[in-house]
Amino acid sequence: MNKGNGDTSYAKNSTVQSKIISVGKPIMKEAVLEMLCNNVIESMGIADLGCSSGPSSLSVISEIMDTVEAANRLLGRRMVSEYRVFLNDLYSNDFNNIFMSLPAFYDRLKEEKGLECESCFILGAPGSFYGRLFPTNSLHFVHSSSSLHWLSQVPAGLESNDLKRLNKGKLYISKSSPQSVVDAYLLQFRNDFSLFIKSRSRELVAGGRMVLSFMGRSSTDPTTENSCYQWELLAQAIMSLAREGRIEEEKLDSFNAPYYAPCTEEIKDEIQKEGSFTIGRLEAFEIDWDGGAVTDIHTPHGKLSVGRRVAKAIRAVVESMLESHFGIEPDVMDDLFIRYGDIVGTHLSKSRTKYINLVMALTKKW
């Protein structure tokens with residue numbers, strides 16, 4: 001993610017991620033309340049996996065605590081006495097941006113919930129969630145939003161140093177991708193997601209809850225528009241620069257995004273195979289590419305505005321990957337996302353393609 005608070009930063013361009021969190025709130029609150037009804041908790045361990053560093057980094061934690069405090073008031077007793085909160089993301093995440101906002105967060109806890117700092121301990125937990133992060137039986141609630149569609153690596157056989165270019169001219173799965181590319185992506189997702197589930201099963205107490213929200217698809221076909229078309233249009237923008245000699249076309253042929261949007265059947269298969277969790281809820285929601293801002297896409301100004309918002313949102317997430325692989329200079333990067341915004345605006349004025357966001361609530365069996 002782009003760090004800081006600049007015009008192209010994730011902090012300024014995470015409306016879609018905030019919308020996704022908002023859509024999943026009822027499921028998250030339901031999971032918290034069910035857990036409180038069935039468990040006696042003195043010190044509640046909460047982990048937000050893939051917390052990033054935007055305005056939503058602490059909003060999820062605040063919502064979880066609001067739900068617990070509301071239950072305390074309803075029942076006339078404290079169900080939870082203290083909170084142990086772990087914020088996780090990769091080592092390169094802008095944790096400083098989060099930590100700088102903690103004093104104001106603690107002030108709000110005291111003013112709005114009457115909680116002192118001594119009852120809420122917030123810690124950073126850097127590292128990949130595709131593996132163990134926390135001690136055994138140390139967590140009661142795990143949340144992750146807009147993160148699990150990112151794979152731990154580019155699928156085997158599609159790495160940039162591989163001599164075979166199996167997915168030429170594309171950044172991700174597309175209608176023209178050979179079956180071997182689709183199979184490689186599915187295998188990588190299965191390996192990663194099963195490791196994620198296995199790791200969390202060790203860290204959560206029996207009866208603990210996990211709410212996961214990430215990009216998926218509505219069809220078993222991984223080449224549907226709501227699964228991959230944002231990558232297809234970005235590849236078109238990059239190819240337009242390659243034709244002008246401003247980006248090496250060979251580098252486009254060797255780039256494959258470490259991303260996968262699964263269908264519900266693929267998710268269920270891995271959860272059932274691991275065996276430690278029951279699925280309470282598994283819902284699919286449509287999300288606008290620009291987060292749902294009210295704009296008339298059919299006017300020239302509206303088309304331009306929507307395209308630019310989507311381009312900024314995508315840039316905030318993928319710019320560092322593109323910069324690392326393509327070695328793109330800042331002025332070329334600017335031009336790339338201007339073109340991408342134009343292409344997106346034109347596409348959305350003809351077809352209101354939407355993201356599919358999957359939200360699930362899981363309960364640890366034992």
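This is a predicted model: local features need pLDDT of at least 70, side-chain atom pairs count only at pLDDT 80 or more; totals for chains, interfaces and linings use all residues.
Lys25 is partly exposed, with a relative accessible area of 25%.

**Salt bridges**

The structure holds 23 salt bridges. In one of them, the side chain of Lys25 meets that of Glu63, at 3.1 Å from N to O. Glu63 counts as buried, at 17% relative accessibility.

The side chains of Glu34 and Arg209 form a salt bridge, at 3.8 Å from N to O. Glu34 sits in helix H1, while Arg209 sits in strand S5 (residues 204–216), 175 residues apart. Arg209 is buried, with a relative accessible area of 8%. Glu34 is partly exposed, at 37%.

Lys251 pairs with Glu248, and their closest N and O atoms are 3.9 Å apart. Here Lys251 is partly exposed at 22% relative accessibility, and Glu248 is partly exposed at 49%.

| Salt bridge | N to O distance |
|---|---|
| Glu63 and Lys25 | 3.1 Å |
| Glu34 and Arg209 | 3.8 Å |
| Lys251 and Glu248 | 3.9 Å |

Salt bridges also join up into a network. Its members are Glu244, Arg246, Asp335 and Arg339.

How many residues of strand S1 (residues 43–49) are buried? Seven of its seven residues are, and the strand is mostly covered. In a regular strand, side chains alternate between the two faces of the sheet. In S1, Ser43, Gly45, Ala47 and Leu49 point one way. Met44, Ile46 and Asp48 point the other way. Both sets are buried.

S1 pairs with strand S2 (residues 82–88) through seven bridges, and the two run parallel. Within this pairing, Met44 stands opposite Tyr83 of S2. S1 also pairs with strand S4 (residues 139–145), through four bridges and again in parallel. Here Asp48 has His143 of S4 as its bridge partner.

**The largest pocket**

S4 comes up again in the pocket. The largest pocket has a volume of about 790 Å³. Its lining counts 36 residues, and those closest to the centre are Met1, Asp89, Leu90, Ser147 and Trp150. Helix H1 (15–38), strand S4 and helix H9 (300–326) each supply at least two lining residues. Which of these elements gives the most to the lining? Helix H9 does, with three residues. By class, the lining has 14 nonpolar, 18 polar and four charged residues.

**Cysteines**

The structure holds zero disulfides. A disulfide would need the two sulfur atoms within 2.5 Å. Cys51 is buried, at 4% relative accessibility. Cys120 is buried too, with a relative accessible area of 1%.

How values were computed: Residues are numbered from 1 along each chain as its sequence is written. Side-chain values use heavy atoms; hydrogens and water are left out. Buried means under 20% relative accessible area, exposed over 50%, partly exposed in between (1.4 Å probe, protein chains only). Two strands pair if DSSP finds at least two bridges between them. On a 1 Å grid over the protein atoms alone, a cavity is a set of points where a 1.4 Å probe fits but cannot get out, and a pocket is an open set with protein on both sides within 12 Å along at least five of seven lines; lining residues have an atom within 4 Å of a point. Grid points are joined across faces, edges and corners, and a volume is the space filled by probe spheres set on the points. Ala, Val, Leu, Ile, Met, Phe, Trp, Tyr, Cys and Pro count as nonpolar, Asp, Glu, Lys and Arg as charged, and the others, Gly among them, as polar. A salt bridge is a side-chain nitrogen of Lys or Arg within 4 Å of a carboxyl oxygen of Asp or Glu.
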